Amino acid sequence: MKFVLLASLFAAVALESVSGQSPTTNNGEPTYVPQNNFPWKNKYPTPLSVPQIKPEWAKLVNNASVPQAPISTKGPDGALLPPPPGSKDTYCHWSFYQCLKPTDIATCQKGNWAVTYDDGPSPFSTKLYDYLKQNNIKATFFVIGGQVIQYPDLLKRLHDDGHEIGIHTWSHQLLTSQTNEQIIAELKWTELAIKEVIGLSPRFMRPPFGDMDDRVREVVKQLGFIPVIWNYDSFDWKIASGTIDAATVENTIKGWAGNASTATIGGISLEHDVSESGVDIAIKALPVLKGAYNMTLTSQCGNISHQAVYKENMEQENVAPSGGQVNGAGDALAYMKTSLTFGSIALLVTLLV
Ligand SMILES: [Zn+2]
């Protein structure tokens, strides 16, 4: 799988460690028991394996009301095949058209900034957790289910430290290339693992590679999740592939801060905490961003209370995602359309971790 080549070394090692194992028995029930001291009640698919849906989860989504967008096809390298030139964006596909809907959280209010970190938790994450705690900065972490069951103590610490936790699927697939049932399995297995560890079910989800269209959106919505994209990509995920160096990523982040006085909207940034280089850059970036923006949380960007980022706490939600986000999403779309060419998007879809 192409993304493994471009994911962090850690993720690649993790996948290597489970390759060749059967994630399920003949009746589809997972057999994997995490090797740690957490008192697991459930068995799980092996980390980063493609999970199968539990029968009871299939009933959570009414397929008749899900848009019939075609399932995206992938090339031999695992990347999405781009639509033919001149194609129309019928289903608001982010990967190729940077299309956002008002229900997507992708920007923050002017002057505000939310940092987000994907693909963890990992043994490298603790250095970042320590820095965030010492400097009283809260962040949002979109976690991989297989990482959660390997490092439950790290997830628990994230929650105890007051950060927000969202779902980043089980096996990091391009979701528009998956069936409705496969999407459900990716999200629900990860939700179950998080719930076992912290006792709460996230409402935020981030599609791997940002790959989402109206079909994925509707499945996500019917499962009770809210998509979170970003409007500032650090491209730190390119370091592992050798196509970018750490200094370039640092300069990118300094550029964000340098433009703060003229930016008409705030930011949600994409970084990763699954490699040592990613964590080191994240730590260098934080004082730069903090000097330019009011550091806030994804919940505020989406007009949701901090407590209500979990399903069990939804009654504490004071303001639903609203019209204010419509403008923000539109601005984000304009930003991304002017800053990313189609070619770079194709590259992004190929490489993004
Ligand atoms: Zn990711």
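Where is P30 found? P30 is found in the loop between α2 (9-18) and α3 (55-58); helices (H or I, at least four residues) and strands (E, at least two) are DSSP runs, numbered from the N terminus. The structure is a predicted model, in which local features need pLDDT of at least 70 and side-chain atom pairs count only at pLDDT 80 or more, while totals for chains, interfaces and linings use all residues. Residues are numbered from 1 along each chain as its sequence is written.

P30 is partly exposed, because 19 other C-beta atoms lie within 10 Å. A residue is buried if 20 or more other C-beta atoms lie within 10 Å of its own, exposed if 12 or fewer, and partly exposed in between, with C-beta atoms placed from the backbone. In sequence P30 and T46 are 16 residues apart, and in space they are 7.9 Å apart, C-alpha to C-alpha.

The protein has 14 helices and eight strands. Of its 353 residues, 48% are buried. Two residues are in contact if their C-beta atoms, placed from the backbone, lie within 7 Å. Among contacts with a separation of 6 or more, 77% are between residues 24 or more positions apart.

In helix α5 (residues 125-134), the buried residues are S125, L128, Y129 and L132. Seen down the axis of α5, these residues fall within an arc of 100°, so they line one face of the helix; the arc is that of the directions from the helix axis to the C-beta atoms. An α-helix has 3.6 residues a turn, so residues three or four places apart point the same way. The buried residues of α5 pack against α7 (152-160) and α11. N136, which follows α5, has a positive phi, near 55°.

The axes of helix α10 (residues 246-258) and helix α11 (residues 276-290) come within 10 Å and cross at roughly 25°. Axes are lines fitted to C-alpha atoms, for helices over the stretch in contact, and angles run from 0 to 180 degrees between N-to-C directions. α10 and α11 are therefore roughly parallel to each other (angles under 35 degrees count as roughly parallel). In the contact, A246, V249, E250, I253, K254, W256 and A257 of α10 meet S277, I281, K284, A285, V288 and L289 of α11. The residues of this contact divide into nine nonpolar, one polar and three charged, where Ala, Val, Leu, Ile, Met, Phe, Trp, Tyr, Cys and Pro count as nonpolar, Asp, Glu, Lys and Arg as charged, and the others, Gly among them, as polar.

Technical notes:
Angles under 35 degrees count as roughly parallel, over 145 as roughly antiparallel, 65 to 115 as roughly perpendicular and the rest as oblique.
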